[in-house]
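Subject: Structure for your review

Dear colleague,

Please find the structure below, followed by a summary of what was found in it. I would be grateful if you could read the two side by side.

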Amino acid sequence: MSDAKETNELIQQRIQKIEDLKKQGINPYPVRFFPDSKSKDIVEKFEASPTGPETKYKLGGRLHSKRVMGKASFAHLKDSTGIIQLYATRDDLGEMEYSLFKTLDLGDIIGLEGYLFTTQKGEITLHVTSFQLLAKCIRPLPVVKEKDGVIYDAFADVEQRYRMRYVDLVVNDSVRDTFVTRSKIVSEIRTFLTNEEFLEVETPMMQPIAGGAAARPFVTHHNTLDMQLFLRIAPELYLKRLIVGGMDRVFELNRNFRNEGISTKHNPEFTMMEAYMAFGDMASMLDLTERLITHLAQKICGTLKIQYGKDQIDLSPPWRRVTYVDIIKEYSGIDFSQIKTLEEAKKKASELKVDVSKCQTIWKVADEVFSDKAEPNLIQPVFITDYPKELSPLAKSNPDKPGYVERFEPYIAGREIGNAFTELNDPFDQKERFEEQVKQREAGDDEAFMMDEDYIRALEYGMPPTGGLGIGIDRLVMLLTNSHSIRDTILFPLMRPE
């Protein structure tokens, strides 16, 4: 029998069970049930101080296994904290309720009451004194099976797991653990920044001008105002407006949307943390970044030496600092500070088999070489500093290095974790850079910045020297949970329709 046919037959059998229950006057989806305990908690409590039948607990969860032995049955219940063994008998439940218990299917959600005891084999078990079906699991859960002598996982297809995350969470405890850890990371970031006197704020998710990053936006339309809007690609320009307004330290944990490709490192919808510090600079944010990530590693992983794939990564400070030009030279042999023409840049990049056919400037070529030759080798934590001005339209110029800006990006495990710089607060310089970006858009670069006249106006009211930082939460979670695809850290990644 094919797997599909077998599954369909099981579904029909379970639907028939629902109909049979209704005929008996039993609601297979009752309105409410209120557990008072979790499996892990009561087991730990019992281990410390055993109790008798007088101490009862109410639990709720999924039926994880069942073994019927005539007038008695053993089973396992899985809740959000773990798995506990159940013991149910006809004498305790009565004929009707025990018959119903025997008809339960794996995956059914049940509520039950009982007391704890220890079996002869030493397993702490809940002796069930009453139970209730709360929701029928109509579709059989995928399990590890044996077929033709081969053991295989019936839910191993990655795309299927991402598409049906609700099933993935039920059958794969490690997946649930990843998202529990993600929640702890986000919570810890909030605590850390609040202790640093940053104020959490919220900025618009729909914006009339897509700004704050070089990216292609998603476009939408507001009917009442009859205006085009963009889903935000970054909150940066709004957060810096708040710095102008006197809110000296602000941060936002925000969803961003970029209409770009999908890969193990990119999802069109992703989470960022952006923080801005008045009277700070690139060095302030570099220090903040190093302290934040090492704090998270110590708090979440319990160590600064974490395993990521085959690599052990040592996050112990201080991290290496190296300039953008020097790191490209280190891994490609090309010194872009000495290249004078676009043709020369393209020729040297092509000799390394880097595709730069669409690049229109020397530094765009350099960035492709960096991505192809340097980035994959940046396994241990490193701050890449001193980016070219052309690639950093919102960063302040480095007074000691004409043509470069005060900007850094932290790289760990071969990928960018964040982006930070001394913010540009000169409205005249900012307007010139916007105008240059507009020219690049008109020349065909649909990721170049748009002109934002209101932001220029905000700067004209005066913004203090400021440091800004953005960290990709999804990539940070990848690092701290040893996950190798960004989709493993996003509960519902974007998928093609079935």
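Helices (H or I, at least four residues) and strands (E, at least two) are DSSP runs, numbered from the N terminus. On that basis the protein chain has 15 helices and 21 strands. The model is a predicted one: local features need pLDDT of at least 70, side-chain atom pairs count only at pLDDT 80 or more, and totals for chains, interfaces and linings use all residues. Residues are numbered from 1 along each chain as its sequence is written, and side-chain values use heavy atoms, with hydrogens and water left out.

Overall features

The C-alpha atoms of the protein chain fill a box of roughly 90 × 55 × 50 Å along the principal axes. Of the 498 residues, 46% are buried, that is, under 20% relative accessible area, where exposed means over 50% and partly exposed lies in between (1.4 Å probe, protein chains only). A contact means heavy atoms within 4.5 Å; among contacts between residues at least 6 apart in sequence, 64% join residues at least 24 apart.

Two strands pair if DSSP finds at least two bridges between them. A closed barrel of 5 strands runs S1-S2-S3-S5-S4, with mixed pairing. Neighbouring strands of this sheet are turned by 55° against each other on average, direction ignored. Axes here are lines fitted to C-alpha atoms, for helices over the stretch in contact, and angles run from 0 to 180 degrees between N-to-C directions. Helix H4 (residues 95–102) lies across S1 (56–69), S2 (72–79), S3 and S5, and runs at about 60° to S2.

Strands S14 (residues 305–308) and S15 (residues 311–314) run antiparallel and are joined by 4 bridges. They form a hairpin with 2 residues between them, and glycine 309 in the turn has a positive phi of about 60°. Lysine 305 stands opposite aspartate 314 in S15.

Threonine 303 is found in the loop between helix H9 (282–301) and S14. Threonine 303 counts as partly exposed because its relative accessibility is 28%. Leaving aside residues up to four places away in sequence, threonine 303 touches Ala297 and Gln298. Its C-alpha atom is separated by 34 Å from that of valine 369, 66 residues apart along the chain.

With kind regards
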